[in-house]
Amino acid sequence: MSSLIGFASLVLAILFNAYLIFSNFFIKNNGKVFNLFIRTSSVLTIISFFSLMFAYVVSDFSNFNVFQNSHSEKPLIYKISGTWGNHEGSMLLWVSILSIYGLLFSFTKNIDLKFKQETLLIQSSIHILFGLFIIFTSNPFLINSVIVEEGLGLNPILQDPGLAVHPPILYAGYVGYSIVFSQAIASLLNHNKNKDWISVAKKWSLISWTFLTAGIALGSYWAYYELGWGGWWFWDPVENISLMPWIAGLALVHSLLMAKGEQLLKKWIIFLSILCFSLSIFGTFLVRSGILTSVHSFASDASRGLFILLIFFIITGFGFLIFLLKTPESSKPINFLFINKASALVINNILMIIATLTILLGTIYPIIVEVLTNDRISVGGPYFNSTVIPIMIPGFLLMSIAPILSWQTNKVRNARLYVLGFVVISFIVLIQSYFSTFNTWGVLGLILGIWIILASCISIISSSKINYDFKLLQKINPYIAHIGVGVAIIGITCSSVFKNEYELNINEGDKFQIENTMISLEKIEMTNEINFQALRANFLIEKNKKIVARIKAGKNYYPVSKMITTEAGIFHQWYRDIYFIVGDQKDNNWFVKVYINPFVSFIWVGVLIMVLSGFIGISKR
Amino acid sequence: MKSYLSYKIVFITIYFIFLSLEIFANTTLEEKVKKLTLELRCMTCQNQSIYDSEAEFSNDIKKIVRSKFKEGKSEKEIKQFLVERYGEYILFKPLLNYKNWFLWAFPFILLVFSLFFISYKIRKN
């Protein structure tokens with residue numbers, strides 16, 4: 001029953017949108033009827049999504065999608081998250097979030113009516129394209145042809161609280177760029193008469209960027225504790241795909257910030273808006289077509305890939321075509337000879353786009369080579385580390401001096417203080433690194449990170465009088481975001497350069513010492529949980545003969561899908577993580593790998609600061 | 001203007017001091033093995049390097065790499081050997097050959113292109 005409601009409301013939503021677009025050519029809709037149609041269609045799409053979720057929650061195995069991806073013994077949270085833990089459901093989630101954005105945008109006040117309606121019409125067209133995609137190639141409401149009692153279960157690796165919320169948040173980021181895209185196109189169609197779209201676009205692009213940041217961080221944190229490889233970023237194709245719209249979106253947010261007062265860089269902003277959404281759809285295509293093998297590609301099906309590729313070409317082609325036909329008149333030129341915030345931001349924007357395009361090429365290059373020459377090659381972490389990081393470093397450097405630059409003139413404030421600070425930090429880090437292990441990237445990263453934090457702090461102190469209220473928070477918000485970046489850079493540098501690892505073969509009751517911490521393997525136990533069997537090694541961590549913590553690490557066996565997952569045990573301290581992985585048993589000994597990841601928590605703290613600052617920025621009028 | 005320039009000079013000097021220091025550093029056998037195996041793909045895993053993986057395949061390759069280094073083979077020779085045996089797919093860092101030149105040149109092409117763009121804009125003003 002719920003499948004029928006879901007399918008019917010999805011079809012109705014598409015029809016409503018189609019009627020709206022069609023009728024717009026013939027009759028002038030008044031605002032009220034227009035809004036009614038948009039909102040009805042949005043609500044219908046959301047109803048469709050919730051009826052699928054309902055089918056999952058009550059384990060309605062007459063629905064083929066539920067049968068294939070759920071199991072009645074799963075905990076409730078994984079029944080809910082099972083809704084988007086498969087190709088069909090995740091595409092329905094994609095379209096539902098598209099509708100939610102449209103719904104929210106339809107409530108925006110104080111903007112030009114024509115601009116608003118055109119934005120929503122473009123949004124509706126995207127909705128129709130993806131709605132048809134769902135109905136024709138990935139319908140989650142198919143009826144199971146045989147009557148069954150039990151489902152096949154959800155991929156165990158996805159049964160994790162972090163991953164349960166990762167897709168909706170990430171999609172809120174990806175799909176949010178649709179509204180930025182629609183606004184950019186609507187503004188082009190309006191011959192750029194509308195001046196206030198920049199402030200509207202700023203808000204929506206910041207919302208998307210903030211959700212995308214949170215989504216990527218969640219995915220990365222999940223990879224850290226669930227994959228059990230000791231790292232948190234692997235330059236996996238799927239990670240690269242999420243990073244591309246993120247960097248392009250970062251460039252967009254900064255450009256919009258700069259365009260605050262005047263009509264500067266309009267061409268560039270529209271280009272970036274189109275690029276961000278194109279990259280989002282391209283990412284959807286690469287992941288969903290099954291060209292890339294990863295945990296995200298649930299099922300590969302050539303027709304789906306082709307369909308999304310078609311949608312990608314329609315939307316991107318349409319976007320860039322309008323851009324070329326109706327290019328805005330060139331705005332006031334920026335003087336690159338000036339060393340000010342504007343030119344620093346433009347150079348940073350260029351660097352970000354170079355980084356984005358490099359990641360894009362690196363990600364699809366193996367596919368291109370395989371198609372052209374039939375050879376298989378890999379483009380992995382070492383390639384990206386040696387290209388993307390050097391491209392980004394001048395950008396971080398510019399970022400650290402940005403606070404002392406002024407917006408318009410060539411003047412540099414407090415320059416002496418900054419140079420002095422930079423030299424002092426460099427020498428402290430250099431001396432410190434001589435007493436520990438020396439590494440060029442490590443030293444460079446530490447100097448940059450500390451310097452960005454300090455420079456931002458100096459600006460906060462020197463730019464504001466002491467009165468603590470929310471307005472001040474909004475004023476210093478950019479510096480807060482930059483402090484977050486600095487903190488994250490320190491975390492990234494330390495955890496990747498100064499990581500230590502130890503391999504041990506031990507038995508129950510054995511003790512070993514790692515970096516002045518005593519660790520003992522107390523016992524190994526097997527337990528039966530609701531939907532899996534667990535093997536856990538209990539580690540006791542002692543420091544100065546006092547018990548500090550007990551950590552469990554091990555593996556899970558999921559009988560329904562016959563899969564084993566690694567469950568890393570992590571002891572968090574503010575300055576390091578002790579990370580345990582338990583391997584196989586050999587000759588009565590257990591293979592145990594211990595990683596010491598210094599300052600890894602700084603990455604998540606830094607990202608959290610960025611996300612919070614993103615929300616503060618959104619709340620700004 | 002002046003202080004910005006001095007800032008730049010200070011940074012560049014420090015950077016080159018660092019770079020030159022690392023060249024003199026001696027690397028042990030295990031460090032060499034780590035550096036190389038981090039750049040190799042575990043063919044039986046999903047996007048994991050041989051160094052990070054504990055799979056049978058990875059442990060075999062680690063042994064091979066270690067013994068080849070002991071024989072006095074260079075990193076390049078070992079890579080050559082592995083590519084002949086398993087194909088280029090094993091290298092996470094693609095070789096600089098006719099197939100991949102575009103991949104490696106691309107960032108520089110973009111950089112040169114944007115430099116031209118900026119200088120064009122400056123001249124236009």
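## Strands of chain A and helices of chain B

In chain B, residues 24 or more positions apart account for 41% of the contacts with a separation of 6 or more, a contact being two residues whose C-beta atoms, placed from the backbone, lie within 7 Å. This is a predicted model, in which local features need pLDDT of at least 70 and side-chain atom pairs count only at pLDDT 80 or more, whereas totals for chains, interfaces and linings use all residues. Residues are numbered from 1 along each chain as its sequence is written, and chains are lettered from A, with ligands numbered from 1, in the order in which they are written.

Chain B contains 5 helices and 0 strands, where helices (H or I, at least four residues) and strands (E, at least two) are DSSP runs numbered from the N terminus. Of the 125 residues in chain B, 21% are buried, that is, 20 or more other C-beta atoms, placed from the backbone, lie within 10 Å of their own.

| Strand | Partner strand | Bridges |
|---|---|---|
| β8(A), residues 576–586 | β9(A), residues 589–598 | 9 bridges |
| β5(A), residues 546–558 | β6(A), residues 563–567 | 5 bridges |

A:Phe580 stands opposite A:Val594 in β9(A), while A:Gly554 has A:Glu567 in β6(A) as its bridge partner. The hairpin of β5(A) and β6(A) has 4 residues between the strands, and in this hairpin A:Lys562 takes a positive phi near 55 degrees.

How values were computed. Two strands pair if DSSP finds at least two bridges between them. A residue is buried if 20 or more other C-beta atoms lie within 10 Å of its own, exposed if 12 or fewer, and partly exposed in between; C-beta atoms are placed from the backbone.
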